[in-house]
Amino acid sequence: MLAAMSSAALRPSSQATAVSRDRGDACPGTLRLHMADDGALARVRIPGGVLTVRQAEVLADAARRLGDGDVHLTSRGNVQLRGLAQECGAELAELLTAAGLLPSRGHERVRNIVASPLSGLDGHAPDGRGHGGQGMDGQGLAGQGVAGQGVAGQGLRDVRPWLTALDTALCASEAAQALSGRFLFALDDGRGDLAGLEADVTVRATADGGAQLALGSADHALHVSARDAPRAALVAAEAFLEAERAGGTRAWRVAELALGADELTESVGHRLTAEGIGHERQVRETGRSDGPSPGAIGDALSVHVPLGRLSAPQWRELTRVAIGELRLTPWRGVVLPTPGTTAARRTEALARLDAVGLVTGPGSPWLRVGACIGRPGCAKSRADVRADATAALDAVGALDAVGAGRRQSLPLYWSGCERRCGHPRGERIDVVAAPEGGYRLSVVAPGHDEARTVPLDDPSRLAAALAEIT
């Protein structure tokens, strides 16, 4: 209950960086379309990135009939449909509702939940809830941001029950409708793959069978039981909303509150006690933050999608290979559960996915390269960044081949303007279109002067520019 929070717990922190806004959150959804230069844009929230094969087919059909024909992946494992006619909103909503992709119109923009995409697929889950699959879909096989370079070990539990419970509770909460479309939940199965996504509320499985509840960048977290973890995550989000109101700001993320993240953690602890949820304070565990490498992993196949854009043939092949469902990742990849499939059939499936242009192995330079939509889709973009990133791909591959230093091996993200929409979190090399033409490169990493940039007039000279800046 919101009234359970003590006002004394809401003292502003002198270390917090509050954000004051004079407007509401305009983040697009499926009921609120955004007008871009290439037409209207719809963002479909896919909690945990999990789609049934049937839902995937509905999205492909909507993209073909109403939009530009492609399915665009976001850095949160969601889907964007672009090139839509402005008047198609009602038809799109009807399609998504029938497919179970729009369970609550009041919550459709706040269902921002990422989950460990390999959870339950790459090893035994101690809670005994391994992935059981959903059988054949009639087209599948018989009985994979900028992608990371692998995951840290196997998960401690299958977080799918958490995902279902949190999404259900979120859609049932009247208060949660006030969350911004940018507020993010993360469900980590214990491997730490979601640590670098800077979620507002992170639930991470722990070796003792419980869960760690962390808020933003707080140094401390709360330990709760696995049974209470989804409810505790929602309580934390409701506490955020209470703190936002008490602070008198329009904060969209925990990092924007006048109340610091550690102070918010303390107030959440009081609320959990009031709700009868046991907890204890502990030092926050972080861990690694990279996604699954392309290839065969346990009972799944993992592919990376260059620049996050899936053509109709690529999407069709993914649905043919998947058994029961697809899992979209925050690193613009797709994990396909294939339980009971032989190694030979998986090799065959990877070859089919590779043939349509998806990345199926760890050596591709595409794993380091990302870009915003650029021209012609965005009016603010100064360049066709996707074309230029593609033209410079050989230079990235050459650096990888000679074993470049750590700075040169960072992800490269191409942006059409200084907003850097969709950029990966953490260390990276920014390639930003300059007002005077061409690009400017800078390194975003600890100990590096981000103000120092070098020009890039010709994308083919990327290697030389990287050598200069790093």
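In what order do the five strands of the open sheet come? The order is S17-S18-S19-S20-S21, and the pairing is mixed.

Before I go on, a word on what we're looking at. This is a predicted model, where local features need pLDDT of at least 70 and side-chain atom pairs count only at pLDDT 80 or more, while totals for chains, interfaces and linings use all residues. Residues are numbered from 1 along each chain as its sequence is written, and side-chain values use heavy atoms, with hydrogens and water left out.

Okay, labels. Helices (H or I, at least four residues) and strands (E, at least two) are DSSP runs, numbered from the N terminus. Two strands pair if DSSP finds at least two bridges between them. As background, strands of a sheet pair through backbone hydrogen bonds, either parallel or antiparallel.

When I give angles, they run from 0 to 180 degrees between N-to-C directions, and axes are lines fitted to C-alpha atoms, for helices over the stretch in contact.

Let's walk across. S17 and S18 run parallel and are joined by three bridges, with valine 369 opposite leucine 412 in S18. Next, strand S18 (residues 412-415) pairs with S19 in the parallel sense over four bridges; here tryptophan 414 has valine 431 in S19 as its bridge partner. Aspartate 430, for instance, has serine 442 in S20 as its bridge partner. The hairpin of S19 and S20 has five residues between the strands, and glycine 437 takes a positive phi near 105° there.

So is S19 buried or exposed? Buried means under 20% relative accessible area, exposed means over 50%, and partly exposed is in between (1.4 Å probe, protein chains only). Six of the six residues of S19 (residues 428-433) are buried, so the strand is largely enclosed by the rest of the structure. Look at the side chains: Arg428, Asp430 and Val432 point one way, Ile429, Val431 and Ala433 the other way, and all are buried.

Now helices. Two packed helices are described by the angle between their axes and the distance between the axes. Helix H1 (residues 53-66) and helix H2 (residues 89-98) have axes that come within 10 Å and cross at roughly 165°. Angles under 35 degrees count as roughly parallel, over 145 as roughly antiparallel, 65 to 115 as roughly perpendicular and the rest as oblique. H1 and H2 are therefore roughly antiparallel. Contact means heavy atoms within 4.5 Å, and Val58, Leu59, Ala62, Arg65 and Leu66 in H1 meet Glu91, Leu92, Leu95 and Leu96 in H2. That contact has seven nonpolar, no polar and two charged residues. For the classes, Ala, Val, Leu, Ile, Met, Phe, Trp, Tyr, Cys and Pro count as nonpolar, Asp, Glu, Lys and Arg as charged, and the others, Gly among them, as polar.

Here's another pair: helix H6 (residues 312-321) and helix H7 (residues 343-355) pack at about 170°, with axes 9 Å apart. That makes H6 roughly antiparallel to H7. Glu317, Leu318, Arg320 and Val321 of H6 make the contact with Ala349, Arg352 and Leu353 of H7. By class, that's four nonpolar, no polar and three charged residues.

Last stop, the loops. Most residues other than glycine have a negative phi, and most peptide bonds are trans. Which loop holds glutamate 198? The one between S7 and S8. Glutamate 198 has a positive phi of about 55° although it is not a glycine, and at 48% relative accessibility it counts as partly exposed. Arginine 332 also has a positive phi, near 55°. Arginine 332 sits in the loop between strand S15 (325-328) and strand S16 (333-337), and is buried, with a relative accessible area of 10%.

In the loop between S17 and helix H8 (385-391) we find proline 376. The peptide bond from arginine 375 to proline 376 is cis, with omega near 0°.

Finally, glycine 190, in the loop between strand S7 (185-188) and strand S8 (201-205), counts as buried at 16% relative accessibility. Leaving out residues up to four places away in sequence, glycine 190 touches Leu156, Arg204 and Ala205.
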